Structures are given as C-alpha cells and as structure tokens.
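Here is a short note to read alongside the model. Please keep the sequence and the 3D view open while going through the points.

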Amino acid sequence: MIVLVYIHMFRNFYKGAYKKPRELQWVTGVLLLALTLGASFFGYSLVGDVLGIDAVDIGSSLLIGTGFPGATTIVGWLFGPGIDAVQSSNPIVRSEFFDRILGWHIIMVALISLLFGFHLMLAERYGMTPSAKEKPRVPAFYTKDEQEKFNPWWPRNFVYMLSLVLMTWGVILIVPNVLANINGATILGHKITLPLVINPYPAPQAFTTAAEHTAPYPPWIFLFLYKFVDFLLPNGLPLLPSMVIAVLIIGLVVLMLIPFFENSELMFISSRKFWTWVMSVLAYSLVALSIWGYLEPGVPAPFIQQAEIIGIPALILAIIIYLIPSKREKANATRPFGPLSILGTSVSVLLFAGTLGDFLIYPSLLGLLMLLPLGVLVYHYVTRMVRIINSANLGGGYSLSKKAAFIGIPVIFVITIFLFALLTRIPSVGIQSTYAGIDLGVILFLWGYAINLYHYLVYVKE
C-alpha cells in the first residue's frame with residue numbers, strides 16, 4: 001500500500017493532476033500519505049518485535065529531545081508507559097502500552113477511510129485529468145458537454161474499481177507469500193536469506209537475547225528517516241532532534257502546498273522545471289537514503305558524504321531537467337512489426353506457456369520466478385502487435401484489441417479452474433503452503449484483469 005501511495009503521488013505530480021481545479025485533492029492526498037505512514041508505524045509496533053519497538057524508542061526520543069513545551073505530554077499520549085512496559089512482568093502494564101498503540105492504529109485507519117471518501121468524492125467531482133496534449137492549459141478538466149462521451153459512474157466506474165480491488169488483493173497475497181517462499185530457499189545451490197527489513201516474518205521479539213544481536217533497524221518505510229537522523233552538519237555536529245522534526249514538518253507542509261507555489265499555466269513538465277526537479281530529488285532521496293540506512297545503520301554521515309550521495313545526483317537531475325525542451329511534439333510513427341518481432345512474440349509465448357504448464361504440474365520456486373519476466377515479455381510483444389495491427393486498420397471493423405479481450409475472458413476463466421484444482425493439491429502447512437497464497441493471489445489478480453477486459457469491451461468507445 002505504501003509503495004502504491006508513493007507511485008500514485010509522483011505519477012499525479014508529473015501528470016499535473018495537482019493543478020487547478022484539483023488543489024484540494026492534492027492536499028488531501030498528502031494528508032492520506034502522512035496518515036498511511038502513521039498507521040503503518042503503529043501497526044508495525046503492534047508486532048512487538050525489535051524493529052517496531054526500536055521505532056517507538058527512536059520516535060519518542062526525537063520528540064522529547066526537541067525540548068518543545070508539551071513534548072513529554074505528547075509522548076505520553078502516543079505511547080502510554082513507553083517501551084519499558086514491553087519487558088514488564090505485569091500483564092496490565094504491557095497491555096496498557098499495546099492497547100495504546102492499537103488504539104492509535106485504529107484511529108488512523110478510520111481517518112484514512114473518512115478522508116479517502118472525501119478524496120474520492122473530489123476525484124469524481126473533477127473527473128480524470130486530461131493529457132497535456134489534449135488540454136495543455138490550466139484549468140485542465142472536461143466540460144459538461146465533453147463529459148457526455150464518458151459513461152456514468154454507475155456501473156462503469158464500479159466495474160473498473162472492482163477490477164482494481166481484485167488485482168490489488170491479488171498482489172497483496174502474492175508478494176508476502178513469494179517473499180516467505182524465497183527466504184531460506186536454495187536456488188542454484190545458494191541459500192537465500194532476505195534482509196531483515198523486507199523479511200515477511202517478524203524480527204526477534206524486543207528485549208530478548210536474539211534481539212541483542214539484531215541490527216537496530218526501523219521498519220523499512222522509515223529507513224530514509226533513520227539515515228537522515230545520522231546526518232552531520234558542515235561543522236561536524238549532529239542534527240538536533242528539533243532540526244529533524246522541523247525539517248519533516250516543513251517538508252510535509254511544502255509538499256502539501258505545491259499547487260499554490262507552482263502556478264504555471266501549462267500542464268507540460270517543461271513549464272514547471274524547478275518543482276519537477278524538487279520532486280525528482282525527493283523520489284531519488286527516498287530510495288537512496290533507505291538503501292544507505294540499511295547498509296550503514298546508525299553510522300554518522302559526514303557532510304561530504306551527503307554531498308556525494310545526494311548532492312551530485314541532485315545536480316545531475318537539475319541538468320537533465322533543464323535540458324528538457326520547452327515543448328516537444330512526439331511523433332506518432334510506429335515501428336514496423338517485422339520478422340524479428342514475430343519471432344520474439346512466438347518464442348516468448350511458447351516459453352511462457354511451457355513454463356506455466358510445468359509450474360501447474362510441478363510447483364517450484366524457480367518456475368515461479370521465471371513466470372514473471374516471461375509474462376512481461378509476452379505482454380510487451382502481444383500488445384505491441386495489437387497496436388500496430390489496429391493502427392493499420394487490419395481488424396476488420398471490430399478492433400483486434402477488443403477481439404483479443406473477448407477471447408481473453410474465457411481463457412482466464414479456464415486458467416483459474418486449473419489454478420483452483422492446483423490449490424486443492426497444495427499442503428496447508430509448512431513452507432509449501434505459501435504456494436497456496438500465491439495461487440489464490442494469482443486467481444484474484446486474473447479475475448480482476450478479466451473484469452478489466454469486460455470493462456474495456458462494454459464501456460470503452462473507439
């Protein structure tokens with residue numbers, strides 16, 4: 001969910017979906033990002049492992065270390081008796097800590113639900129953001145007359161949302177079960193051990209012997225912040241807790257108010273180069289600091305090292321964005337689908353079909369890992385072929401892409417029958433039971449995709 005929230009935010013920025021009349025929609029989106037991170041913080045802490053408890057310890061220490069009036073009171077509201085309660089022999093004291101954490105987790109999830117309802121209402125009010133080519137100037141929205149070319153919300157958007165929900169649930173089932181299966185597995189003679197921060201199993205419980213030998217990582221979503229706390233000022237002194245909190249709050253407010261700072265009249269990225277650079281540096285920094293925090297947890301980061309890892313890439317991004325032409329018309333010419341492309345399509349389809357058949361009969365981790373890149377390859381070649389044939393008007397009235405969608409729905413139905421049959425053969429306990437989670441996730445994803453094809457067949461006009 002957190003990865004999808006980040007992708008959604010950056011995608012909407014680059015598309016210009018924060019501009020007039022969608023300023024409030026962007027503001028609520030940033031608030032949803034903050035609430036999602038907060039709910040995840042308390043959710044991870046509920047596990048009671050060393051990662052979650054260390055995160056609570058760092059968070060409370062930062063707040064108290066600011067010296068702001070009322071900081072201790074806020075820490076008491078958030079964490080009750082604090083992490084010392086975790087190792088208390090009194091179950092009432094322990095429950096007071098975890099009940100407080102659970103309460104905040106529930107409150108934030110409830111706030112996410114309420115705010116998301118308002119966010120979705122705004123999305124429906126202003127409709128989808130047109131492409132910059134179609135509506136290059138602000139405000140970019142479809143007029144009432146232009147809206148008539150789209151189908152009404154019910155049932156079109158409901159069908160579309162249902163397809164997204166099923167595919168999302170599928171991914172939510174697939175990812176942790178794949179990770180659980182990979183962790184500890186032996187592939188090509190090498191035993192795989194996943195990093196602690198992305199391991200689907202809990203870390204050692206806090207204040208145990210095993211926890212003493214565990215690196216003090218926070219949950220993976222806060223690795224970037226964990227490394228930022230290690231930054232040293234140019235004079236060699238560490239950042240004060242008040243500085244860290246101030247940067248976070250100011251950064252969040254600036255992110256929230258981007259629609260009011262960036263008021264260019266055009267939707268093109270080239271018309272908002274400075275803020276495109278800011279958001280690009282932010283995206284890079286989230287990834288770079290997270291990796292850096294994992295590789296060197298708790299190691300002070302001198303200013304010169306900060307300049308090398310953050311400053312130089314930021315300068316390179318600035319040059320690249322500066323060189324973007326003010327307005328670039330992209331040619332619509334399509335590369336011909338020659339013999340090599342036909343050969344690539346045939347080979348990729350045959351390899352995928354053979355690998356899928358082998359996996360259904362003899363489930364294995366290697367077969368599962370091979371299916372993903374082969375599936376992407378098939379999707380690339382087949383969709384490219386469909387686009388080229390459609391553009392050449394070789395479909396014979398009813399476009400080839402819609403014919404493919406019409407055939408794809410029963411094909412998916414047949415595949416899911418085989419997957420259900422395979423589900424009955426998979427053990428319900430042990431490491432192989434993770435295949436059941438993957439299998440069910442694939443079924444849900446395919447159902448969602450089938451509904452998406454139905455949506456395309458019935459509602460999309462060509």
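**Notes on the predicted model**

1. In helix 2, Phe-41, Tyr-44 and Ser-45 meet Gly-52, Ile-53, Ala-55 and Val-56 of helix 3. Contact here means heavy atoms within 4.5 Å. The residues of this contact divide into five nonpolar, two polar and no charged. Ala, Val, Leu, Ile, Met, Phe, Trp, Tyr, Cys and Pro count as nonpolar, Asp, Glu, Lys and Arg as charged, and the others, Gly among them, as polar.

2. This is a predicted model, in which local features need pLDDT of at least 70 and side-chain atom pairs count only at pLDDT 80 or more, while totals for chains, interfaces and linings use all residues. Residues are numbered from 1 along each chain as its sequence is written, and side-chain values use heavy atoms, with hydrogens and water left out.

3. Helix 2 (residues 23-46) and helix 3 (residues 50-65) pack at an angle of about 130°, and their axes are 7 Å apart. Axes are lines fitted to C-alpha atoms, for helices over the stretch in contact, and angles run from 0 to 180 degrees between N-to-C directions. That makes helix 2 oblique to helix 3; angles under 35 degrees count as roughly parallel, over 145 as roughly antiparallel, 65 to 115 as roughly perpendicular and the rest as oblique.

4. The protein chain has 17 helices and two strands. These are DSSP runs, numbered from the N terminus: helices are H or I with at least four residues, strands E with at least two. Of the 462 residues in the protein chain, 37% are buried. Buried means under 20% relative accessible area, exposed over 50%, and partly exposed in between (1.4 Å probe, protein chains only).

5. Which residues touch the most other members of the largest nonpolar core? In this core of 53 residues, they are Tyr-6, Trp-26, Phe-79 and Phe-97. Helix 2 gives the most to this core, with ten residues. A nonpolar core is a set of buried Ala, Val, Leu, Ile, Met, Phe, Trp, Tyr and Cys residues joined through side-chain atoms within 4.5 Å.

6. Leaving aside neighbours within four places in sequence, Trp-26 is in contact with residues including Met-9, Phe-13, Leu-255 and Met-279. A second, separate core of eight residues includes Ala-405, Leu-419, Ile-443 and Leu-457.

7. Phe-352 lies in helix 14 (residues 339-361) and is partly exposed, with a relative accessible area of 27%. Not counting residues up to four places away in sequence, Phe-352 touches Leu-371, Leu-374, Gly-375 and Val-378.
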